[in-house]
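Look at the model with its aromatic rings and its nonpolar side chains displayed.

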Amino acid sequence: MKKSILTRYRVMAYVTAVLLIVLTIGVIGKRVLHLDGFDGFVTAVGIAHGWLYVLYLVFAFDLGTKAKMPLGRLAWVLLAGTVPTAAFFVERKVTREVQPLIAKEADAAPAAV
């Protein structure tokens, strides 16, 4: 497995997690605190998070299938983008599990001359 597969997953995990936290704060400001001006903010961040979450799903599924993750773990990785802050923790765990696979494959590959 290439390191770039892990890198793009990690980037999307962080982007998705940050946008979800910002969206959660926006919804609290709009619905709970009844602050003016949060309608457009929540809409824009919600749309951005939705589309980027789809991209996160594609990258996470690609990583999970190439790392041969069990179905339950893959499902947890895919759902991590829907729980505020969960993606941060799941990303760290997945990175720790996948990095040895990348190193092992790099060691097994013949050196380019």
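A search of the whole structure finds four aromatic pairs. Rings of Phe, Tyr and Trp (its six-membered ring) pair if their centres lie within 6.5 Å; planes under 30 degrees apart count as stacked, over 60 as edge-to-face and the rest as tilted. This is a predicted model: local features need pLDDT of at least 70, side-chain atom pairs count only at pLDDT 80 or more, and totals for chains, interfaces and linings use all residues. Residues are numbered from 1 along each chain as its sequence is written, and side-chain values use heavy atoms, with hydrogens and water left out.

Tyr14 and Phe88 form a tilted pair, 5.6 Å centre to centre with 45° between the planes. Tyr14 lies in helix α1 and Phe88 in helix α4, so this pair ties together parts that are 74 residues apart in sequence. Helices (H or I, at least four residues) are DSSP runs, numbered from the N terminus.

Phe38 and Phe41 pair edge-to-face, at 5.9 Å and 75°. They are three residues apart in helix α2, separated by about one helical turn. Ring pairs also link Tyr9, Tyr53 and Tyr56 into a cluster.

Now the core. A nonpolar core is a set of buried (under 20% relative accessible area, 1.4 Å probe, protein chains only) Ala, Val, Leu, Ile, Met, Phe, Trp, Tyr and Cys residues joined through side-chain atoms within 4.5 Å. The largest has 24 residues; Tyr9, Tyr56 and Met69 are among those with the most contacts inside it. Helices α1 (3-32), α2 (38-66), α3 (71-79) and α4 (86-108) each supply at least two of its residues.

How values were computed:
Buried means under 20% relative accessible area, exposed over 50%, partly exposed in between (1.4 Å probe, protein chains only).
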